[in-house]
Amino acid sequence: MTVRLFETPEAIGNHAASHLLAGLGAARAAGRPYLLGCPTGRTPRPVYAALAEALRREPLDLSHLVLVMMDEYASEDGGGRLRLADPSAHFSCRGFAEREIVAPINAVLPQAFRIRSENVWFPDVDEPAAYDKRIADAGGIDCFLVASGSGDGHVAFNPPGSELASLTRIVTLAEQTRIDNLKTFPAFENLDAVPRRGVSVGLQTIRSARHCMLLLWGREKREAFRRVSSAAGFDADWPASIVLAAASHDILADHAAADNRR
């Protein structure tokens, strides 16, 4: 296990961005796509911001970058069929990807260098298992950015007790996960407004990446840091510990998260 401590979330973002840019350059030189597993929400924002800033200073061709998004909320339509959240919804993960990852990065790049719309992937709510095959057929995920729920250690929508071998599937969100999401998306008026279901990559989907980076910053991630940094391996009671089962992994934390004071 490699634990790297930083002064600020921005420093975490800069370190992660440097790693990703090096990998992107190597993949470009090898003539292959670079698959990046991406969470949404507060935790990865410093990484996406650092990428945009680095690319503003020194543009890089990202037409080979594939964003493998982790999850999306879903709800039943009038006929009882599951539908993904509308991208215009404030909590939509697709909307987040468009607004907070693709738009800022593409804005600083020339047209030919930009992330292609067809390279932003989400699992299909009607055929979620096809996502893992799509990833494998494309060569596998090069790096997965991973965030941990502060209250229960959920990763994507995988709740405590999720199986290590789980793949992309429809998931019922745990109540603590939904409570955590109230902080992630403050426009939710109350817990009843948070969707109860979603489509999510599985733990095996994350574990299969060639490298995983667990991002932890802020005081509310102290328990997450304690649980993962002290674990001997994957702990089903704290799903974000899946990074410990990956072939290569780093834990990137700021001092606020690593402070062991309660």
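User: What's the strand order in the open sheet?
Analyst: In this predicted model, the open sheet has seven strands in the order β1-β11-β10-β7-β2-β3-β6, and their pairing is parallel.

User: And which are the edge strands?
Analyst: The edges are formed by β1, residues 2-6, and β6, residues 120-121, each of which pairs on one side only.

User: How many bridges join β7 to β10?
Analyst: Five bridges join these two strands, which run parallel, and among the residues involved, Val-146 has Leu-214 in β10 as its bridge partner.

User: Which helix packs on the sheet, touching β1, β10 and β11?
Analyst: That is α7, residues 222-229, whose direction makes about 150 degrees with that of β11, residues 249-254.

User: Since β11 came up, is His-249 in that strand buried or exposed?
Analyst: His-249, which is found in strand β11, is buried, because its relative accessible area is 15%, which falls under the 20% cut-off for that class. A polar atom of the His-249 side chain lies 3.2 Å from the backbone oxygen of Val-243.

User: Switching to the largest nonpolar core, which residues touch the most other members?
Analyst: Of its 47 residues, those are Leu-20, Leu-36, Leu-67, Ile-101 and Ile-105. The elements that give two or more residues to this core are the helices α1, α2 and α3, together with the strands β2, β3, β7 and β10.

User: What does Leu-36 touch, then?
Analyst: Leaving aside residues up to four places away in sequence, Leu-36 touches Leu-20, Leu-65, Val-66, Leu-67, Val-68, Cys-143 and Leu-145.

User: How many residues are in the second core?
Analyst: That separate core has 32 residues, including Val-155, Leu-244, Ala-246 and Ala-253.

Note on methods. Residues numbered from 1 in each chain as written. Predicted model: local features only at pLDDT ≥ 70, side-chain atom pairs only at ≥ 80, totals over all residues. Heavy atoms only, no water. Core = buried A, V, L, I, M, F, W, Y, C linked by side-chain atoms within 4.5 Å. Buried < 20%, exposed > 50% of the residue type's maximum accessible area, 1.4 Å probe, protein only. Helix = DSSP H or I, 4+ residues; strand = E, 2+ residues; numbered from the N terminus. Contact = heavy atoms within 4.5 Å. Pairing = 2+ DSSP bridges. Axes fitted to C-alpha atoms, helices over the stretch in contact; angles between N-to-C directions. Polar contact = N/O pair within 3.5 Å; in protein donor to acceptor, adjacent residues only side chain to side chain.
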